[in-house]
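Open the model in your viewer and follow the stops below. Each one says what to select and what is there.

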Protein chains: 2
Amino acid sequence: MSSGLLMRALRHMSGQTAKCGKKYEPLSMSRSLRDITPEAYSTLRSIMIQMERASSLGNSMQLTDKESAANKVLMTAKSKELEKGFLNPSKFTPGQHIFQVLKKVERSPLFGLLKTMPKGGILHAHDTALCSTEFLIGLTYRENLWICTADEGCRAIAFRFSKSKPTMKAMEECNWEPMADFRERRGEENVKKYLQSRFSMYPFSSFLSNNQAWNQFMSIFILLDGLLLYAPIWAEYYYNALTEMYADGVQYLELRSLLPDLYCLDGTPLKMTDTVAIYKSETERFMANNPDFIGARLIYAPLRGVEPKVVDEYVQKCIALKKEFPTFLTGFDLVGQEELGRPLIDFVEPLLKMPEDINFYFHCGETNWFGTSIDENLIDAILLGTKRIGHGYAIVKHPVAIEMVKKLDIAIEVCPVSNQVLQLGQDYRNHPAAMLIANDVPIVIASDDPSFWRATPLTHDFYFAFLGIAPFSADLKLLKHLAISSIRYSGLTDEEKSKGMDKWQKQWNKWIESLTKAA
Amino acid sequence: MSSGLLMRALRHMSGQTAKCGKKYEPLSMSRSLRDITPEAYSTLRSIMIQMERASSLGNSMQLTDKESAANKVLMTAKSKELEKGFLNPSKFTPGQHIFQVLKKVERSPLFGLLKTMPKGGILHAHDTALCSTEFLIGLTYRENLWICTADEGCRAIAFRFSKSKPTMKAMEECNWEPMADFRERRGEENVKKYLQSRFSMYPFSSFLSNNQAWNQFMSIFILLDGLLLYAPIWAEYYYNALTEMYADGVQYLELRSLLPDLYCLDGTPLKMTDTVAIYKSETERFMANNPDFIGARLIYAPLRGVEPKVVDEYVQKCIALKKEFPTFLTGFDLVGQEELGRPLIDFVEPLLKMPEDINFYFHCGETNWFGTSIDENLIDAILLGTKRIGHGYAIVKHPVAIEMVKKLDIAIEVCPVSNQVLQLGQDYRNHPAAMLIANDVPIVIASDDPSFWRATPLTHDFYFAFLGIAPFSADLKLLKHLAISSIRYSGLTDEEKSKGMDKWQKQWNKWIESLTKAA
């Protein structure tokens, strides 16, 4: 009925009669609504605003009485920050770079509420970019660690655990010395400060281009390899990542990993299946210690900048892994800077050979170059049957792709902070996910590589999404929808999802309870 | 047929049979397309890409053989810049602030082609922000000009033409002296440099917030008043604006003006109708001297930051003006920073009293605050029957509004450079007009206040729209569509449009001819 009135008004405004089915008349024929009364105007206006709200993401979510009470607490905190920001936009943190406001954000009452919120799962995160900088620094105190430096010790090139001086060649010319000696020689505080900077993208909040940001980004992965690929540390790093996530209100993880070959202290390399086995057993250990944790699944995600025949090998490896880890391995993806790697179309032949029980979760459209082969990756990902889309930053420029992801129920993994740090966008208020929310396109919020921006495992991304990207009116319904979506769009089976939902619901109820008590 | 195949594929991917009309099944039921052959895949893929291209703005435009040849020249120039930018994004001018690349852009071969292109009309530009800085500096050498300065002559507060020392109070405390004395005292070069900076937003390519940018922006308007409101200068300024526009490939102007009261040398104020009369007679003089110029129309656009009863007065004034200038006055708008002014909803009662023969051309949605009363201005503008939307930066976040502007054939006046300088967005590749182009939403390209960014009257905006905002594949069809749209969505009558189109076509044909000769 509402929509009928609106359509009648539309016809009136365009000079048509109600019966007339023909195309709209040219501009000069159109008439305005100016002959209606202010009261009728007001009715029409609220219908339009209701129509917009009703068709936005999460709006159909129901709230219990308790949740409605909790919502008031949440919205009071949100409104305060919004109103302050509206009066003085230079104080609005989602209008700035995370590096400039990280601590300020963490002091915000809204952030505090979101931190304790059970947010469901992280469906987009990468293997060696998960843990806090403090944890990484701690690892550099471990026994048998060597560092390889260049420029008279001013530049760290590589790490390696070894009983004696490593013989391994690093990416660049450098000199190996025991980490302990290096630390003593350079001074503990200096080394700490240096590593803090080297393990993250700080302090560069503005690069000249996204290519430069990606260079810095990749260099962190490269440096971390020798530190983290030592098998015992690999296990510990991952276990710690789960610990940090769980403390941040995360109960599930779907991890993308290159699945590198790990090494032992004597330099012996392990096999790819050992890497997966470590992930699996550490997940089980973590779940035994934390029964409310839902679990973790693995997405094998090797580098995309390769020849098509290499993708053929990836597919074979993935099939073998799926045989050995039928439940734990959920899918396949390709990673690395999309703009410099090859487009998916180059790999269609090998990718079509992937068996149906291995899901695709492709990175695609992580670009602001419109109408390129990178955008077209969106089309290929969809046609290849991707279950979710990693980033999909460019999808809003592709109405046919948008229609298809809605019809096929493919969720977009939105990683707000990552997009800012890797120079796709600056102000969160202009992030394309606003359009996805407005158009009821399925999304989940993820953090990609929180370690590299010293962010919490998921809360910062939720904060910027909720305060900066979503509309003023977005409330607990959206948050609940996002949390539930992270389980709904996971690679879990229906039965696992149902059990997972129960675990989430239990923690959610507690959180709602705590919010209502805070009122 | 194409679309039918796609829909069958969609049903296949979602696990439905062709006959089944029910809702899509949950995720777990869906299947991928992996059992199809690479050839069938390739067909499906090109259908999807064709569907997207076909549904984008300007794609239905036909090109003659000559135009197709010219298109090749154009696309060669465009591709060169795109490819260079893609390899090194830090060299891609639409990824940067116009203040940093103004001269570089002007040296670009693509810019050269766009400069000579007959671009149709400018449908969004403001009265005292049209002319080049050089022209403004030239005006400061005129006889009888006084300047009022503060801070020991370091800060210009106001100008005034007068035989003797002005008695007029400026906005701030300041001292009047003849401009010639001031120039001699401070040194000609110093004064020139100072005024160059004071007459534009340079050098501030980054403000802390859009509010600060708006402060600087408004301060230029205020300073210029005393210089430009002197009746003979007002006429000359406007005539010069038309001259600069025409030289920039512009054949029509729809000017928004506050219609301030002008003054004579003895200080006598003129009436509002005199201001309009000057515009009208200068337009006629310009057309007599340049028979290929299509003309100009006026939009009365007073300030929005007022009480509703003032809008009642605006409406009465507008009705009176329409009686006196039935053809020249085409419509009404409200101006000033939308975020600080009142929302349109406050003015609905007086605005509904506007007679049907006065069109609305409302500024609205010039914001990146999502879900505020500023966004809601979009709804009110549409319901009030606006013929075009000024800026509409936020409209992509409002799917119902998008649907309505498409159905009602309301064009969005996109002003790319203005949005960047006034801090709504940074990188042109993220400008929301990309989504409007992708979704075939009617737009025109306009320049708003080119004087304040030292840009050409329209070419810079076309350059950033074509190279930075539109997709790689956008070509002469889009440019032709944009030029034609600027006449189609103008306030001219159908007969005037038809005559205007003839004048544009004549120049267009010449331009196409010159391009094909360059090949």
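**Stop one: the annotated span**

Select residues 35–114 of chain A: the unreviewed UniProt entry annotates them as "domain: Adenosine/AMP deaminase N-terminal". UniProt positions are given in the numbering used here, feature names are shortened, and annotations may be inferred rather than shown by experiment. The span is 69% helix and 0% strand, with its end C-alpha atoms 48 Å apart. Helices (H or I, at least four residues) and strands (E, at least two) are DSSP runs, numbered from the N terminus.

This is a predicted model: local features need pLDDT of at least 70, side-chain atom pairs count only at pLDDT 80 or more, and totals for chains, interfaces and linings use all residues. Residues are numbered from 1 along each chain as written, chains are lettered from A and ligands numbered from 1 in the order written, and side-chain values use heavy atoms, without hydrogens and water.

**Stop two: the interface**

Now show both chains. In contact (heavy atoms within 4.5 Å) are 90 residues of chain B and 90 residues of chain A. Between them the chains bury about 8100 Å², 63% of it on carbon and sulfur atoms. Buried area is the accessible area (1.4 Å probe) lost on being put together, summed over both parts.

Next, pick Arg45(A) and Glu376(B). They form a salt bridge, with the closest N and O atoms 3.4 Å apart. The term means a side-chain nitrogen of Lys or Arg within 4 Å of a carboxyl oxygen of Asp or Glu. Chain B and chain A share 6 salt bridges.

Then select helix H2 (residues 38–54) of chain B. This helix gives the largest share of the side of chain B that touches chain A, 9 residues.

Conventions: Buried area = accessible area lost by both parts, 1.4 Å probe.
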